[in-house]
Structure formats: structure tokens, C-alpha cells
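Dear colleague,

Please find below the structure that I am handing over to you. The findings follow directly after it, arranged by topic.

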Amino acid sequence: MTMSQRMNALWEYANPKKFLATTERVLPFFWASAALCLVAGLVWGFFFTPDDYRQGSTVKIIYLHVPSALMAINAWMMMLATSLVWLVRRHHVSALAARAAAPVGATMTVIALITGAIWGQPMWGTWWEWDPRLTSFLILFLFYLGYMALWEAIDNPDTAADLTSVLCMVGSVFALLSRYAVNFWNQGLHQGASLSLDKEEHVADVFYFPLLVCIAGFVLLFIALVFYRTGTEIRARRIRALMARERVQA
Amino acid sequence: MSALLLRDLRLALRAGGGFGLGLAFFLIVTVMVPFSVGPQSSLLESIAPGVLWLGALLACLLSLDRLLALDWEDGSLDLLATAPLPLESVVTIKALAHWITTGLPLVLAAPVLGVLLNLPGPGYGWLVISLTLGTPALSVIGTFGAALTVGLKRGGLLLSLLVLPLYVPTLIFGAEVARRGAAGMETTTPLLMLAGITAAAVALLPFASAAVLRVNLR
Amino acid sequence: MMPELGKYADTVLSAYAASLLLLAGLIAVSLWRGRKLRAEMKRIEARVSRRG
């Protein structure tokens, strides 16, 4: 296969029927492997890893916190990519996939925030610290909220897809900008504060391998959810079109 | 172009055009702050720059839903879209008119309201400078939000939800300039960042605003 | 065979409970809406094809 043939093969999945048929086939595999990885990773991490000498047993929260935080950002990146595909190639599946991914990403953001807060309570002595990372996740959550609200607010699906795509692009730039602004702002507030959430730096192998399995589980779960929810959105769109045709014929 | 600008300004200044509402809102928010946090002058002094920035930002936000809605309702937006003037210029002029009727009065009112909040002496200059540099970005970003929600019936609340996260960087750097200035600290870095955000927003966002406006007008 | 969680037992357990609850809720809502729309589409398609 040449490169362009391969690209054409990829674009075939932009056909809603083809997408539904294919995801129907692969979805059981994704659900099963997601469940397998999540159960294996979480059980491994929860029952069979030692406590950290500084954080005690709270280190076990890492198996939920890091994967969900990772997926919170990846989901937005995926939405950005599919929004661009919609704007350039006008494939409905692409726009609907972005819509389907948003609630998943928002949930991941909430999980990352909640586990972070619960972990922070005994570690920092406070539920909430205006740490740059926590703050930018809160802002990311607000972007998810606005994005989903805009989808819900507009009746015409093509208009909604166009507007949310542009919002996603503009929002990405501003979310990135906020990340740097927040970094700067908090340094400005307390100079030399030495709180660091950067656990990856000192994560030992015993924690690392179950963490990898959990990350794989979250990625697979995300893919399964997005495929499934995109299918739902395609059906919702088809229902809408059929009803409109009926109204015209009546 | 200047005809459009003059028309927008005249409409805003006319009775019922909403001019002065933002200013009145800014005033009332500032007056309410001591009621809610207490009258200790040391506390007011330390929060004054942030409160004034937030008040100006909210006053800006509140006037956004009128920015395009009136032209949408009476159909003049459709006329403007078919006019020889590119839509990018139209939204830029709309943003400029919004800044002149809302942002500029806020900048001028801020030092007066600063007195009410015990703003420290060196803070006045920095407050005015930071607001002068920052409010154009607020108007341009707000125009983008207004263009996104222009066709919606109850767009006002959605508009706030969409625009507020976009305001975060501007608010952070703008308030940082005012706060550092009031405390007599170095302000160059946040000032440059603020100017950069404004310049980039003014240069690039009109294209996004025009694009979504075209979608909404089709 | 509960692992020894020490003084942080509440912390760890509540983090797991909250996260798993949220994930379960997300999956449940997705499946529920998916099922509903799938059935609805079948119904409407049948109606449309009956009419020709």
C-alpha cells in the first residue's frame, strides 16, 4: 500500500456506517482489555505494593491520580485533533467524536482534582492548595464545561460542530497560556515554596510498573468510551435526520 | 470603517444604549467589597488592586451580550456581512467600540474607586497602565464570545461561562502588574506578558470571531 | 486480605471510592443513553421503511 492509499483507507472510517460497523466489532475487545488492565493494575497497586516511606499508604492514590490527569489532557488533545479534521475535511464522525470525548475528559479532570485534593489533605494539611498544577486543572475543567455547554445550546448539529471546533482551538491556546500564567502567578505569591506534585521524579520501580498497567487501562477505557459514545452520537444524528425527513414528507 | 465606528458609538451613547451601565456596576461592586470583607484599611489596601481588576473585568463581561445582539435582532449584522467591508474588520470595529464605551471609562474610573479601597500611592499609576493595556484584550476576547453565542436565545449565561476561562491569563497578568506596582515591586515581566497577550489577541482573535460569525449568519 | 493502610486508610479508601464511583457513573450514563438511542433508531428506521 502506498502512503496515499493508506490515508484513503483511514478516511474510510469517516463514513458513519463503516465507523459503526467497525467499532461494533472492536468494542468488545476494548471493553474487555480495559477492564482487565484496570482490575490488574489497581489490584496490583492497591494490594501488592509497599507504602512509600514519606507518604505512607497515600502513595496508592497515584494509580488513579496520574492516569486520570494524563487522560484529562489527552482527551482535550484528541478533541483538538478531531475538531481540526472536522474543520478541514467536514467528516461528521470526527466532530461527533470530539463531542463524545468531552464528558469523558471532564470526568477524568474531576477524578484528578478529587484524588489530588484527598491526597493533599493529609500531605499538605489542606484540601485545596492553589498550586499551579491544581489550578490549571481547575481551569481545564472550566474549559470542558464551556465546550459541553456550547454543544448543548445549539440546535443545528453542523453549526454546533463548527462553533465548538473553533472554541476548542481558541480554548487550547488560552488553556496553554493559562498554564504559564498560573505558574508565574503562584511563584509571585509565595516565593520559594517547595511543594511539588511532581511524583514522577521520585517514583520507584515498585510503583512504576503497576502505574503503567493502570495508565494502559485508562487509555483503553477512554478509547472504548469514545468509540461507544461516538456511535451513540451518530445514531442521535441519524434519528434527527430521519425525523426531519418524516416531517417533510408528512 | 469610521462610519461604522461612529454609528456604534452613537448607538451606545444614546439613551437606552447601555452606556454607563458597566461603569455603574464597577462602582457598586467596589462599594460592596468593604461591606463583605470588613473595613480594616490594611486588608483593603492589600486586596485593592485585585478587586479593582476583577470589578473592571466583570463590568466588561456584563456589557458583552449587547455587543452584537442588537445588530443581530434588527438584521443589520446580515447587512454588514454582505457589505464590502470584510467581517474581520467589522468585528474589530465592534470590539473597538466596546472598548471605547466600556473599557476606557473603566480605566478612567478605576483610580477614583481606588481611593475607596485605600489603594497605596504607587498603585494608581500601575493600575491605570495595566487596565489600559489589558482591557482591549478583554473587549476582543469578549467579542469572540459574543460572536459564538449571538444566535442563542438565552446566550448571556453561556457567554459568561465561555468567556471567563478565556479571561484568566489577562486577569492574572493584569492584576499582577497592579499588585506588584502597589507593593512597589518590579513589574516589567507581567507588564510585558500582558502587553503580549493584548497584542496577540487583537491581531489574531478577530479572525476567529469573524469565522464563527459567518457560521452563525449562514 | 485488606492491606495495612495505617493512619491514611480513610484517605486512600475515599480516593478509590470517589474515583471508581465517578468512572462507574460515566460508564453507566454512556451505556444507558447508547441503549436508548439504539432502540429509538431501530424503531424509527422500521417505521420509515414500512412507509417506503
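Predicted model: local features only at pLDDT ≥ 70, side-chain atom pairs only at ≥ 80, totals over all residues.

**Contacts between the chains**

Of the 2 pairs of chains that touch, chains A and C have the most contacts.

**Chain C against chain A**

In this contact, chain A takes part with 42 residues and chain C with 33 residues. The size of an interface is often given as the accessible area lost when the parts come together. For chain C and chain A, the buried area is about 3400 Å², and 73% of it comes from carbon and sulfur atoms.

The polar side of this interface comprises 4 salt bridges and 6 residue pairs in polar contact, with both residues of each pair at pLDDT 80 or more. A salt bridge links the side chains of C:E45 and A:R238, with an N to O distance of 2.7 Å.

As for chain C itself, the chain has 1 helix and 0 strands. Of its 52 residues, 31% are buried.

**Chain B against chain A**

Here 27 residues of chain A and 25 residues of chain B form the contact. Between them, chain B and chain A bury about 2200 Å², and carbon and sulfur atoms account for 84% of that area. Of the area that chain B buries against chain A, 20% is supplied by B:P165, B:L166 and B:I172, which is more than any other three residues give.

Between chain B and chain A there is 1 salt bridge, and 1 residue pair is in polar contact, both residues being at pLDDT 80 or more. A salt bridge joins the side chains of B:R218 and A:D162, at 2.9 Å from N to O. On the side of chain B that touches chain A, at least two residues each come from helix 7 (123-148), helix 8 (155-182) and helix 9 (188-217) of chain B. Helix 8 of chain B gives the most to that side, namely 12 residues.

**A nonpolar patch on chain A**

Which residues make the nonpolar surface patch of about 650 Å²? They are A:V39, A:V43, A:W44, A:F48, A:Y208, A:F209 and A:L212. Helix 2 (16-47) and helix 7 (205-249) of chain A are the elements that give two or more residues to this patch. A:V43 belongs to helix 2 of chain A. A:V43 counts as partly exposed because its relative accessibility is 33%, a value between the limits of 20% and 50% that define this class.

Most residues other than glycine have a negative phi.

In chain A, the residue is A:R90, which is not a glycine and has a positive phi near 55°. A:R90 lies in the loop between helix 3 (62-89) and helix 4 (92-124) of chain A. With a relative accessibility of 37%, A:R90 counts as partly exposed.

In chain B, the residue is B:N118, likewise not a glycine, with a positive phi of about 60°. B:N118 is placed in the loop between helix 6 (87-116) and helix 7 of chain B. B:N118 is partly exposed, since its relative accessible area is 30%.

With kind regards

Notes:
Residues numbered from 1 in each chain as written. Chains lettered and ligands numbered in written order. Heavy atoms only, no water. Patch = residues over 30% accessible without salt bridge, like charges linked within 9 Å, V, L, I, M, F, W, Y side chains within 5 Å. Areas by Shrake-Rupley, 256 points an atom, 1.4 Å probe, with all protein chains shown as cover. Helix = DSSP H or I, 4+ residues; strand = E, 2+ residues; numbered from the N terminus. Buried < 20%, exposed > 50% of the residue type's maximum accessible area, 1.4 Å probe, protein only. Contact = heavy atoms within 4.5 Å. Buried area = accessible area lost by both parts, 1.4 Å probe. Polar contact = N/O pair within 3.5 Å; in protein donor to acceptor, adjacent residues only side chain to side chain.
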